[in-house]
Amino acid sequence: MNIEIQFWGVTARLAGSERRRLSLTESATVADAIELLRSDAALATELPRCAYAVGADLVAPNHSLSEGDELSVLPPVSGG
Amino acid sequence: MADGIAPALPELMDQHGRRKRKLRLSVTDRCNLRCAYCMPEHPTWLPRGDLLTIEELLRLTALFVMHLGITNVRLTGGEPTLRRGLPELIEGLQLLRPQGLQRISMTSNGTRLAELAPALKAAGLDDLNISIDARDPALFQKLTRGPIEPVLEGIAAAQTAGLPFKLNAVVIRDYNDSEIEALAGWAFEQDVELRFIEFMPLDNAQQWSRERVVTESEILQRLGTRFGAVEKLPRTASPATEYILGGHHRLGIITTVSDPFCGSCDRVRMTAVGELFACLFSAKGTQLRDALRAGEPDAALLAMIRGGVWSKEAGFAAPRGYVERPITMHRLGG
C-alpha cells in the first residue's frame, strides 16, 4: 500500500521536503514506516524522538496503517 | 551504572550521557497576561509562601553552578518581572560568575520593562527575550487580554538601557498569522532581531491540529513576497535558523523550541516552588524546596539533583508513546 508522510518542524528540513510517498506491505504499522524512513541517514537519529499522527490523532508505533493514510512526523514540542 | 543511581560527577549528566549546562529558573508562576496557549484565563496562583525565596533561589542556583557545571541561567515565569526582588536576585547571581556562571538571561513579556530595564541592566542581566505575538493593538489585546502599549514602551526602555534583546513571536494559524508581515516590517524598522516560532499544538495527548501550524516555508514565502529575496545563513548554535530578507533584514525562525535534538538536550528546569524537571515531559519533578527548608546539607541536595536528572527519560515520546505533560507551561516557564 502507499501512504503519504508529512514532515513537520525540523524534520521537514532534515528530510529536504515536507512530503514523501512511502510504499509499504499490506498490514504495515507505524513502526514499519519509521523503520523504512530510518534508511534516510539525515532522519535516522531524529525519528525515534518524534511523535506520529494519522489525521488529528497521535498514534502508537503498533498502529496499523491503511492505504492512503497521511502519517505526520512531529518533532519534540514546539511553541510557547 | 544501575538505573537510578547517579554518579557524583562535577557535572550534571543523565544516564543517556547528556550533559546539562543550562538552568531555566522560574521565579514566579504569576503573569499579567493570559495568552491562550500558555495559561488558563482564570489561573489559580500558588501561595506566596510556597515560592522559593530569593535566598533559596540563590542557594540552589549556587549548587548548580559550583558543583554541577551549569553555565547559563535563564529566568522565566510566569512573568519574571512580577517577582519582587528580581534585581536583587540578578545581583546575587553575579557572585557565581567566578564559579563558572557565564550568562544570565531572561524571558519576559516586556510589560514591566519600562520600569525595570535600567535596574535589570545595572544588576547585570546579560540578555532578554521579549515575547510579542502581534503588533496590532486590538489583536494583541485579544490574544493576551492586555494592552500592547506597555510592551512597546518596555522594548524602547530595553533599547535605551542597552539591554541586548530579541523579540519572539509564536505563530499560530487563525490566531496571529495575519501579523507575520506587520511584525516583521515593524521589527525591521526598529532594527531589532525578531524570531518567529513555529507552533505545534502538541500539549494535548490525544490530538494535534495540523491546520493551526504555519510552517517555516510558508512564513518565508510570505515574507519573501513582501520584503524580497530570502537568503539562508549557516546554522549556528542558536535554536533559530537565521535568514536575511531583501538583502539586509535579519530574521530567525525556530521550528522546535525544546531543542529538536533531545539527544543533545542540555537544559534542566526548576519551578518557582523548587521542583526540578529534567524534561518538559517528565511525569514528575524532584522537589528540592522541602529538603532545603528541612535544613538538608549541600551534599544531600546535590544527590537529589543528580538523581532527578540522571533518571531522565531518553527523549520525547520515549519510551512509552506520548506523555501528557502534568504541569502547565506557566508553571514551568517554557
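**Close-ups of a predicted two-chain model**

**View 1. Strand β3(B) and its partner β4(B).** Five bridges tie β3(B) to strand β4 (residues 72–76) of chain B, and the two run parallel. Strands here are DSSP runs of E with at least two residues, helices are runs of H or I with at least four, and both are numbered from the N terminus; two strands pair if DSSP finds at least two bridges between them. One spot to look for is L25(B), whose bridge partner in β4(B) is L75(B). To get from β3(B) to β4(B), the chain goes through helix α1 (residues 54–68) of chain B, and this β-α-β crossover is right-handed (with the strands pointing away from the viewer, the path from the first strand over the helix to the second runs clockwise). Strand β3 covers residues 22–26 of chain B, and four of its five residues are buried. "Buried" takes 20 or more other C-beta atoms within 10 Å of a residue's own, "exposed" 12 or fewer, and "partly exposed" is in between, with C-beta atoms placed from the backbone.

This is a predicted model: local features need pLDDT of at least 70 and side-chain atom pairs count only at pLDDT 80 or more, while totals for chains, interfaces and linings use all residues. Residues are numbered from 1 along each chain as its sequence is written, and chains are lettered from A and ligands numbered from 1 in the order in which they are written.

**View 2. β3(B) with β12(B).** β3(B) also pairs with strand β12 (residues 267–270) of chain B, in the parallel sense, over four bridges. Here K22(B) stands opposite R267(B) of β12(B).

**View 3. The 12-stranded sheet of chain B.** Zooming out, the open sheet reads β9-β10-β11-β8-β7-β6-β5-β4-β3-β12-β13-β14 (chain B), and its pairing is mixed. At the edges sit β9 (230–232) and β14 (286–287) of chain B, each pairing on one side only. Helix α1(B) packs on this sheet, touching β3, β4 and β12 of chain B, with its direction at about 170° to that of β3(B). Angles run from 0 to 180 degrees between N-to-C directions, and axes are lines fitted to C-alpha atoms, for helices over the stretch in contact. Elsewhere in the sheet, strand β7 (residues 165–171) of chain B runs parallel to strand β8 (residues 193–198) of chain B, with six bridges joining them. Within that pair, V170(B) has I197(B) as its bridge partner. Helix α7 (residues 216–227) of chain B lies across β7, β8, β9, β10 (241–245) and β11 (249–254) of chain B, at about 165° to β11(B).

**View 4. Helix α1(B) on its own.** This helix has 15 residues and reaches 20 Å from first C-alpha to last, close to the 21 Å expected at 1.5 Å a residue (the expected span is 1.5 Å times one less than the number of residues). Its buried residues are L57(B), L60(B), T61(B), F64(B), V65(B), H67(B) and L68(B). An α-helix has 3.6 residues a turn, so residues three or four places apart point the same way. Just past the helix, G69(B) takes a positive phi of about 80°.

**View 5. Around L12(B).** L12(B) lies in strand β1 (residues 12–13) of chain B. Why does L12(B) count as buried? Because it has 25 other C-beta atoms within 10 Å. Leaving aside neighbours within four places in sequence, the contacts of L12(B) include L68(B), G69(B), V268(B) and V309(B), where contact takes C-beta atoms, placed from the backbone, within 7 Å.

View 6. The peptide bond from G77(B) to G78(B) is cis, with omega near 10°, and G78(B) is in the loop between β4 and α2 (86–94) of chain B. R145(B) is not a glycine, yet has a positive phi of about 65°; look for R145(B) in the loop between α4 (137–144) and α5 (149–161) of chain B. R145(B) is partly exposed, with 14 other C-beta atoms within 10 Å.

**View 7. The sheet of chain A.** Five strands make an open sheet in the order β2-β1-β5-β3-β4 (chain A), with mixed pairing. Its edge strands are β2 (19–23) and β4 (57–59) of chain A, each pairing on one side only. Strand β3 (residues 51–54) of chain A runs antiparallel to β4(A), joined by three bridges, and V54(A) has D57(A) as its bridge partner.

How values were computed
Contact = placed C-beta atoms within 7 Å.
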